[in-house]
Amino acid sequence: MITLLDYGAGNVRSVVNAIESLGETVKTAHSGEDILSAEKLVFPGVGAFGNMMRILNEKNYVEPLKAYLRSDRPFFAICLGLQALFDESEEAPGLPGLGIIPGTVKRFDIDLSVPHIGWNGITVRQPSRIFNGFSGDEKFYFVHSYHVAPATDETVLTTTDYGYSFVSAIQKGNIVATQFHPEKSGRNGLRLLENFLAADLDETRPLQTVESTTLAKRIIACLDVRSNDQGDLVVTKGDQYDVREDGNVRNLGMPVDLALRYYEEGADEVTFLNITGFRDFPLEDMPMIEVLKQTSKNVFVPLTIGGGIRDYTDKDGRTYSSLEVAAEYFRSGADKVSIGSDAVLIVEAYLETGIKTGTSAIEEIARVYGSQAVVISVDPRRVYVDSPDSVTHKVIETALPGPNGERYCWYQCTVKGGREGRDVDAVTLARVCETLGAGEILLNCIDRDGTNLGFDIELDNAVKGAVTI
């Protein structure tokens, strides 16, 4: 029996699914006594350090958790769960951690994109049974802005390189904790969890280690999902955002089936973009909720869900906040949420005042779940102009002249699936969203969608040059 410490934030469903796929049974701790009586305890920390520690204290979990850890029984922590073991974090100054491992948690101070997101390797610094059967060149999935800095090297299990070498896993007796997410690291992650759960706790085989690690490029399967005319949820494809052909919605297959196919073919992540406005359903019955639940049973890479992450009122008159909507998606198996049209409206409001309200969907979700959980989906189209001074937007000189030979253009953001243009450009939108707490940009291009002309590299370079995420 494996006990899961779920303090109520983020996606723990994937951890449960991963453990159950290995033939184990999982129960959730609902009290301090459940923690103290656990045989093996798994702590998948998700979100922000301050929010996590406040909830652990409110639920009176801190002292039972410390007692369990001091008993040196099997314990596995993931991501924020690793950071919780330390004395304190720069993410929440003045708020103590569990203090089991001496040291602090620090924000990356590097000239690279933060959060550190993607598949990276590990260098093993001490023998551990959790790496039995590994060759040494495996990569695991990371998504974090902060890393642990132990006071001594004696607990360091692995390090990883990103700008500099940081500690990516620790081991102290039967306590093991990783910064990376094994439940999102495909077959390598499942094997690591299986080694932790195995009965032969003391058997350790040698592992060939690497000298340095590198962040890999990611292949992300991005699936547009909507209802067809028969009311079925299908994956579709647009031609400059027009998803109809011969009057019918293009049907490329079922979302869950295609996600599994892409995972098995080697996709590093899967993104679902819900392009149907499901506005009338009670939140727990939203169609994409079931898609996430079913997908996360067999797809062990990160899942992003976009569409409908906003405040709304259902047919029964109940109002849900964007934070509630995001929370339900996280509980159903999502690791990140993507905000599209509403991000444009949020940025427009910010540009009017230049003041953060703290209440926008971007800010609230980032505060509770961390910036790595917030993706901004940008849907721009080119607008050609005669000179860079003719508009107040971010204008680029283009190698692809306009219909009248124009040598300049800007990228107009759109809402409502590309049907309505707004008076804000993609570069400004990306920059403001980063300021408000977003951790990633999902950059689309209406002009190139479905045309087989490839990516708009000028758009890519313009946005990339404006942000650090």
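The model is predicted: local features need pLDDT of at least 70 and side-chain atom pairs count only at pLDDT 80 or more, while totals for chains, interfaces and linings use all residues. Residues are numbered from 1 along each chain as its sequence is written, and side-chain values use heavy atoms, with hydrogens and water left out.

Lys-40 belongs to strand 3 (residues 40–45); strands (E, at least two residues) and helices (H or I, at least four) are DSSP runs numbered from the N terminus. With a relative accessibility of 16%, Lys-40 counts as buried (under 20% relative accessible area, with exposed over 50% and partly exposed in between; 1.4 Å probe, protein chains only). Beyond neighbours within four places in sequence, the contacts of Lys-40 include Met-1, Tyr-68, Pro-74 and Phe-196 (heavy atoms within 4.5 Å). Arg-73 is 33 residues from Lys-40 along the chain, and their C-alpha atoms are separated by 6.8 Å.

Turning to the helices, helix 9 (residues 322–331) packs against helix 11 (residues 361–369) at about 45°, with axes 9 Å apart; axes are lines fitted to C-alpha atoms, for helices over the stretch in contact, and angles run from 0 to 180 degrees between N-to-C directions. Residues meeting here include Leu-323 and Phe-330 in helix 9, and Ile-365 and Val-368 in helix 11.
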